[in-house]
Amino acid sequence: MAHLSMLHPTGADRVREHTSPSVNERIDRETTSRLTEASGLPPIEIGRRMAVLEREWDIDRALMAFLSLLAGAALVVGLTRRPLRRVWFAPVVPTLGSLFLHSLAGWCPPAALFRRLGFRSQPEIQWERHL
């Protein structure tokens, strides 16, 4: 089976482009391993794996959820804490900046952590689904 990094069209995945090669290789090895295991499964098990892939959160969704929760929590705490009110608003700007940066470039500081945690991009999930 071809290595997944060879199957990805150049420029088709901004998240992969901004991820360290070692992390991309680890994610590709894990995907290849799942595909190898699935090749011997009965159709019902393959159907179950496809259902899991349909529900898998890609990195964009995970980052949006995490960053919006972080900014929302900072706003709520900032609005409810009287003495330290302004301090609690401090995380809002970098959090919103990270969301904006990720929308433009496909990368933001928390993205590296999320990739290391194993979150895949939507094209990577699609590759597993179609191979």
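Which side chain meets Glu54 in a salt bridge? I began my notes with this pair, after recording the conventions.

**Conventions.** I note that the model is predicted, that local features need pLDDT of at least 70, that side-chain atom pairs count only at pLDDT 80 or more, and that totals for chains, interfaces and linings use all residues. Residues are numbered from 1 along each chain as its sequence is written, and side-chain values use heavy atoms, with hydrogens and water left out.

**Entry 1: Glu54 and Arg129.** I found that Glu54 meets Arg129 in a salt bridge, at 3.1 Å from N to O. The term stands for a side-chain nitrogen of Lys or Arg within 4 Å of a carboxyl oxygen of Asp or Glu. Glu54 belongs to helix H4 and Arg129 to helix H9 (residues 122-130), so the pair ties together parts that are 75 residues apart in sequence. I took helices (H or I, at least four residues) and strands (E, at least two) as DSSP runs, numbered from the N terminus. Glu54 counts as exposed, at 53% relative accessibility, whereas Arg129 counts as buried, at 16%. Here buried means under 20% relative accessible area, exposed over 50%, and partly exposed in between (1.4 Å probe, protein chains only).

**Entry 2: other salt bridges.** I recorded 10 salt bridges in the structure. Side chains of opposite charge can pair when their charged atoms come close. Arg48 and Glu45 form one of the bridges, with their closest N and O atoms 2.5 Å apart. These two stand three residues apart in helix H4 (residues 43-55), and thus about one helical turn separates them. Both are partly exposed, Arg48 at 47% relative accessibility and Glu45 at 29%.

I then looked up Glu128 and Arg120, whose side chains meet at 2.6 Å, N to O. Glu128 is buried at 5% relative accessibility, and Arg120 is buried at 2%. Both belong to a network of salt bridges that links Arg34, Arg49, Glu56, Arg120 and Glu128.

**Entry 3: helix H5.** Which residues of H5 are buried? I listed Ile59, Ala62, Leu63, Leu67, Ala71, Ala74 and Gly78. They lie on the same side of H5, because they cover an arc of only 150 degrees around the axis, the arc being that of the directions from the helix axis to the C-beta atoms. On the other side of H5, Leu69, Val76, Leu79 and Thr80 are exposed. The buried residues pack against helix H2 (14-17), helix H6 (85-89), helix H7 (92-105) and helix H8 (109-116).

I also checked the span of H5 (residues 59-80): its 22 residues reach 31 Å from first C-alpha to last, close to the 32 Å expected at 1.5 Å a residue. That expected span is 1.5 Å times one less than the number of residues.

At the start of H5, a side-chain oxygen of Asp58 comes to within 2.8 Å of the backbone nitrogen of Asp60. Thr80, also in H5, has a relative accessible area of 53%, and its side chain reaches the backbone oxygen of Val76 at 3.0 Å.

**Entry 4: the whole protein.** I counted nine helices and zero strands. The C-alpha atoms fill a box of roughly 60 × 30 × 20 Å along the principal axes. Buried residues make up 30% of the 131 residues.

Terms used. Contact = heavy atoms within 4.5 Å. Polar contact = N/O pair within 3.5 Å; in protein donor to acceptor, adjacent residues only side chain to side chain.
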